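Let's take a walk through this structure together, one stop at a time. Keep the sequence and the 3D view handy as you read.

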Amino acid sequence: MSKIKRFFSKKKEEAAFKLKLGGSSMGAGHKLNAPKPEAAPSGSRHKHEAYVPPKRNELSNEARAAANAALNRIEKKDSREFNTSLAAIKAQAKRELEAERRQKEDLANAASGCISTTSTSSGGDNRNLACQGVFFRCPLIGDEVLEKKLWKARIKEFLYQQLETDRGLTACLIIHNCNIKEKAEDCVATLIRYFENLIKNPDEEKFCKIRMSNKIFSDKVRYVEGALDVLQAAGFREVQIDDEPFLLWDKENLEEGLDLPTLVDALKNSELIHLELDRNIKVLLPSQARRVVLPDDFYRISPEEIKKEQQMRAEAIESAQILKTKAMREREEQRNLRMYRYSLVRVKFPNGLYIQGTFNVYEKISDIFEFVQSCLADETLEFNLIATSEGKFSDEDMEKTLYDCKLIPNILLLFNVPGMPTPAAADLNFLKEELLMLVQSM
């Protein structure tokens, strides 16, 4: 079965499953092969299935050559070798923690509870970015980790490659993925109307031909990517009638293995190909976790709008003497939160190391726990995450989103093991050894 057919088969299964759920009094879903859940003891945190980091493809020859060239440049710039052994990292982290304590920066960071929210568009130093952007994976296509704009080009390329084998179904996806939303929706509605008329009246001449100069066809179908391919798969062919171009339908021209009801169903179920947010995991030393700049990808608005918003904030500070009601303050806070699509989450471990990951603002607190759990050498370890301003998360908090908890655009969480003394925890490494290779030289 091709990837395109698997996509629609999965959508059909999901739709049938939702229909069954909607007609029953079933409770929360669970895996069929999972053991029956036991009642959690009072006050204990529910265990979540660990987040599984994506498998990376092997480097291509070009990428390998580029990496070697980069390493050569680094070696020429600084011949000192960065030791990624556990002992060296622990020693480096300890030295930096001592320096932080002397400078009282740790207390200041804990009080603020987050890193800088400055955008690169405000003139920030790109070398000081917390991360280089927001990255995604596309399970339908492959294992690459790319920015969204690069995925859009890859998805379009992938879909056009599938046209030869699955023209009708692929073209339905092209309509949704290669056009703006409004044009795609108008086109789909028009094509469905054409096909449903043919299904009900297959022998009626007026439904078997489409004048290509027709205004509705020209405005809503003709110039939409993928639309003419759908019509071709449905059995339409271009002909000249009285020196005017028409699309004429013949049942014999239908794509093999396809019928009109299937195409209507595909048009109704097509959607944007799903991209999964990549956590873009980083492991940081204390000196690398200082105030940094967020890339523009974290914002819901454009760089120009960010600049305007920052100017408005500066003006608001000047007029801070004006008394504001609680409702006014809440409206302003909500407006600020809606600026962001993503949140940068950092978790600080007792030995001074940090892990960093990117989250959608509508992901749940439980997703953060799953992410941290997947990074631990012992994934069965009971632990707490403490927000520097809010304290521990409760069981009730697990289903709340980062937006609900106002953990936007970034947050610092402290890793804590119940019952473990701080001096003992400070001397332990909790992370998987392979993650320590992500610690980069300063």
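Which residues does Glu 147 touch, not counting residues up to four places away in sequence? They are Gln 132, Val 134, Phe 135, Phe 136 and Asp 297, where contact means heavy atoms within 4.5 Å. You'll find Glu 147 in strand 2 (residues 142-147). Glu 147 and Phe 136 are 11 residues apart in sequence, with 6.0 Å in space from C-alpha to C-alpha.

A few ground rules before moving on. This is a predicted model, in which local features need pLDDT of at least 70 and side-chain atom pairs count only at pLDDT 80 or more, while totals for chains, interfaces and linings use all residues. Residues are numbered from 1 along each chain as its sequence is written, and side-chain values use heavy atoms, with hydrogens and water left out. As for helices (H or I, at least four residues) and strands (E, at least two), these are DSSP runs numbered from the N terminus.

Now on to helix 5, residues 148-162. Which residues of helix 5 are buried? Trp 151, Ile 155, Phe 158, Leu 159 and Gln 162 are, with buried meaning under 20% relative accessible area, exposed over 50%, and partly exposed in between (1.4 Å probe, protein chains only). Looking down the axis of helix 5, these buried residues fall within an arc of 95 degrees, so they line one face of the helix; the arc is that of the directions from the helix axis to the C-beta atoms. On the face turned away from the buried side sit the exposed residues Lys 149 and Ala 153.

Helix 6 (residues 167-177) is another story: 11 of its 11 residues are buried, so helix 6 is largely enclosed by the rest of the structure. Among them are Leu 169, Cys 172, Ile 174 and His 176.

Next, some helix packing. Helix 7 (residues 181-200) and helix 9 pack at about 125 degrees, with axes 8 Å apart. Axes here are lines fitted to C-alpha atoms, for helices over the stretch in contact, and angles run from 0 to 180 degrees between N-to-C directions. Helix 7 and helix 9 are therefore oblique to each other; angles under 35 degrees count as roughly parallel, over 145 as roughly antiparallel, 65 to 115 as roughly perpendicular and the rest as oblique. On the helix 7 side, the residues that meet helix 9 include Cys 187, Leu 191 and Tyr 194, and their partners in helix 9 include Phe 217 and Val 221.

Helix 9 (residues 215-222) also packs with helix 10 (residues 227-234), at an angle of about 110 degrees and with axes 9 Å apart. That pair is therefore roughly perpendicular. Phe 217, Val 221 and Arg 222 of helix 9 make the contact with Ala 227, Leu 228 and Leu 231 of helix 10.

Finally, the loops. Asp 242, between strand 4 (236-241) and strand 5 (244-249), has a positive phi near 55 degrees without being a glycine, and is exposed at 74% relative accessible area. In the loop between strand 11 and strand 12 lies Lys 406, with a positive phi of about 60 degrees. The loop between strand 11 (391-392) and strand 12 (410-416) also holds Pro 409, and the peptide bond from Ile 408 to Pro 409 is cis, with omega near 0 degrees.

Methods
Expected span 1.5 Å × (residues − 1).
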